[in-house]
Amino acid sequence: MSQPVGFLGRAAAIVGSEEGAAVDRGARQFTLSRSLALAELPIADDLRKRARAIRLRSLANLDRLLSRFTDEATAAGCRVHFAGDADEANRIVAGLLAGSTLVAKSKSMVSEEIGLNSHLESLGIDVVETDLGEYITQLAGDTPSHIIAPVLHMTRQQVGRLFADKLGVEYTDDPIRLNRHTRETLRGVFLAADAGISGVNMAIADTGSLVLVTNEGNGRLVTSAPKVHIALLGMERIVGSWDEAGVILETLARSATGQRLSVYTTVITGPRRPQDPDGPDEVHVVIIDNGRSDVLAGETAEILACIRCGACLNVCPVFRTVGGHGYGTVYSGPVGAVLTPGLMGPDPWWDLPYASTLCGACEEVCPVGIRIPTMLLHLREQAASEGRLPGWLNRGMRLYTRAAVEPARWARLRRTARRLSAPFSVRGWIRRLPGPARGWTASRDLPRPAKTSFAEWWREHRGA
Amino acid sequence: MAGPQVQLVVTCLVDAMTPQVGRATVSALERSGCRVSFPEGQTCCGQPAMNTGHTEQAREMAAHMLDVLDATTGPVVVPSGSCAEMMIHHYPRLFEGTEREDQARRVAARVRELTQFLVDDVGTHIRASSDGARIVYHYSCHGLRGLGLDRTADRLLYGVERLPLDGDRECCGFGGLFSIEMPPVSAAIMDAKLDRIEASEAEMLVGGDVSCLLHLQGGLRRRGSPVAVKHIAELLGDGE
């Protein structure tokens, strides 16, 4: 909007670039796969209703579920920690890693949210991302551009050049060979790491279990090869029972990648037991609030029902155009436009809710039916009432509203607009307008307001 | 027997920018056997203010429209999926828990988008005609997702030579004031849409919302494209 950086500034740099094109291709592929995967279900809408009910029930009973989870996970041998904010979470993890030098990490958005990697690296701990996309991101010194596909914005040629540059291997854009390089590097990391850090797709209160949904097998290695496993759990990512978890799993992979199930669905209930051949000696679960309690108490609480499938990103016309980097933060797309200002506050994230055409495609595909457009409207109302919008917009809207509630003034406003448009018009069309309206004419012509309005025509020809 | 008496809300954009669409709407309704009234004093449904976050001003405009319409009876017909959806779904929400809630619900229950009204309520016998032009149709988002208008538009277009339009259920990038606040993003989404429209080899783009159509028409014109742009009402009635 009026401020120089912010969404618009970031987006303008991406629009029309190779990055934008790569995002669009990837997002469309995901959308197609999702449609096909859901089409094979007899009643996809029924699954959506059940998943929504489960997630809303979890949020309504969050205190009870977290307490049950803590009891059960502790009984299974885990140690459960609570972190109120990002700093506390980072301190807890760093404390658990005292003396460690190498950590293998599987994908975790909440770790991005709290800035864990840079914190650990500042303490001299090497953190290696082992999810292929995250590994590439880390190698490139970049940030993820999609919640499930971190390098959606890159082409495989770019990845090939990056590998040649950073790993000193021969250039190739063949995904199989690129994967082999990654595997060769990462095998050693899994075996040498002092600890593994993972995210959690879903915790199950009844049994104190952690569920991880992955495709590459790295999640299983991170959580079983090193002696210590630290799982980062966003406070809301929990359901009560295995029956409920089953419903969520049925929709998660279909909505995310179009798979019926992801390649690996890993369930972790406590550390290695004496009879187990392998597994970590310690499992720590760090439950992270970091603004979630505030969101839960507010008007956008429903956004916490999100299961992080990314379907709303893939269908969003704005996301398809600018990708995750336009949003400037870890959670992008429609869900991010609601979640980010909620978790991190309106400064400087108040403009993300305006990064939407309100087309409603997000709500349409959401596997748990989150009413994202309604929440975007609520956040916009908040931004407007806090005086964050540009002056021209506030003044214009006041003028417009005063006219719209007083028909005589309305007719005058229309005639004035017609008169003012005269010097800009050629044969009924306007090519360039000054002021904020130049945003329109930068890429489109505008017809001049009609000589005779419909209301005037009606009075003349049809009026009583 | 005389058909139903309807109250026409033309929308602010049709009134000021494309009055021919309003006249065509009257013609389509009359050809379908309806008698048309035009409630004096109607202005804007208030959606622009709601979408920028000026909710209180949206309520002021909505309250004005409610008063204008509540003084009339019979179906309220709107040649716009977006404005109709605003009145049907958002009026009751905006006034929830206020003394206008009943009024908002009462009026909302009478509001119909044009194609919905013609197909579902009137069962019109008229069909669209493009005078031989091959068309593509853009389903505008609010009408499509909020009111299910793909079905009614498809029905009315039966018989017109219609070409497939890749991505015809995707947003055109207009988004109301989004088009002015986020020009490069809006334009990029529009350009992708225009590429597809041009690739379809259609001679005419048709839609149900003047707002999206002005945006697309402005973009096509800027490109020097010969594709004509019409509101579906103009294929159903005579706007001259």
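Reader: Which residue forms a salt bridge with Asp120(B), and how far apart are the closest N and O atoms?

Author: A salt bridge here is a side-chain nitrogen of Lys or Arg within 4 Å of a carboxyl oxygen of Asp or Glu. In this predicted model, where local features need pLDDT of at least 70, side-chain atom pairs count only at pLDDT 80 or more and totals for chains, interfaces and linings use all residues, the partner of Asp120(B) is Arg151(B), with the closest N and O atoms 2.8 Å apart. For reading the labels: residues are numbered from 1 along each chain as its sequence is written, chains are lettered from A and ligands numbered from 1 in the order in which they are written, and side-chain values use heavy atoms, with hydrogens and water left out.

Reader: Into which domains is chain B divided?

Author: Domain bounds come from an automatic or database domain assignment. For chain B they give domain 1 (5-121) and domain 2 (128-236). The centres of these two domains of chain B, taken over C-alpha atoms, are separated by 22 Å. Their contact (heavy atoms within 4.5 Å) takes 28 residues from domain 1 of chain B and 22 residues from domain 2 of chain B.

Reader: How do I read the area that domain 1 and domain 2 of chain B bury between them?

Author: Buried area is the accessible area (1.4 Å probe) that two parts lose on being put together, summed over both. For domain 1 and domain 2 of chain B that is about 2000 Å², with 69% of it on carbon and sulfur atoms. The rule finds one salt bridge across this domain interface.

Reader: And how many residue pairs are in polar contact between the two domains of chain B?

Author: A polar contact is a pair of N or O atoms within 3.5 Å; within protein, one must be able to donate a hydrogen and the other to accept it, and residues adjacent in sequence count only if both atoms are side-chain atoms. Between domain 1 and domain 2 of chain B the count is nine residue pairs, both at pLDDT 80 or more. By class, the side of domain 1 of chain B that touches domain 2 of chain B has 13 nonpolar, eleven polar and four charged residues. In that scheme Ala, Val, Leu, Ile, Met, Phe, Trp, Tyr, Cys and Pro are nonpolar, Asp, Glu, Lys and Arg are charged, and the others, Gly among them, are polar.

Reader: Let's turn to the two chains. How many residues of chain B are in contact with chain A?

Author: On the chain B side there are 63 residues, in contact with 63 residues of chain A. Together the chains bury about 5400 Å², 65% of it on carbon and sulfur atoms. Seven salt bridges cross this interface by the rule. One of them joins the side chains of Glu40(B) and Arg459(A), at 3.1 Å from N to O.

Reader: Which helix gives the largest share of the side of chain B that touches chain A?

Author: Helices (H or I, at least four residues) and strands (E, at least two) are DSSP runs, numbered from the N terminus. The largest share comes from helix H11 (residues 183-199) of chain B, with nine residues. By class, the chain B side has 29 nonpolar, 22 polar and twelve charged residues.

Reader: Where are the residues with positive phi, Leu358(A) and Asp131(B)?

Author: Leu358(A), whose phi is near 60°, is found in the loop between H17 and helix H18 (361-365) of chain A. Asp131(B), with a phi of about 50°, is found in the loop between helix H7 (114-122) and strand S5 (135-138) of chain B. Leu358(A) is buried at 9% relative accessible area, whereas Asp131(B) is exposed at 76%.

Reader: Which residues does the cis peptide bond in chain A join?

Author: The bond joins Asp347(A) and Pro348(A), with omega about -5°. Pro348(A) lies in helix H17 (residues 346-349) of chain A.

How values were computed:
Buried means under 20% relative accessible area, exposed over 50%, partly exposed in between (1.4 Å probe, protein chains only).
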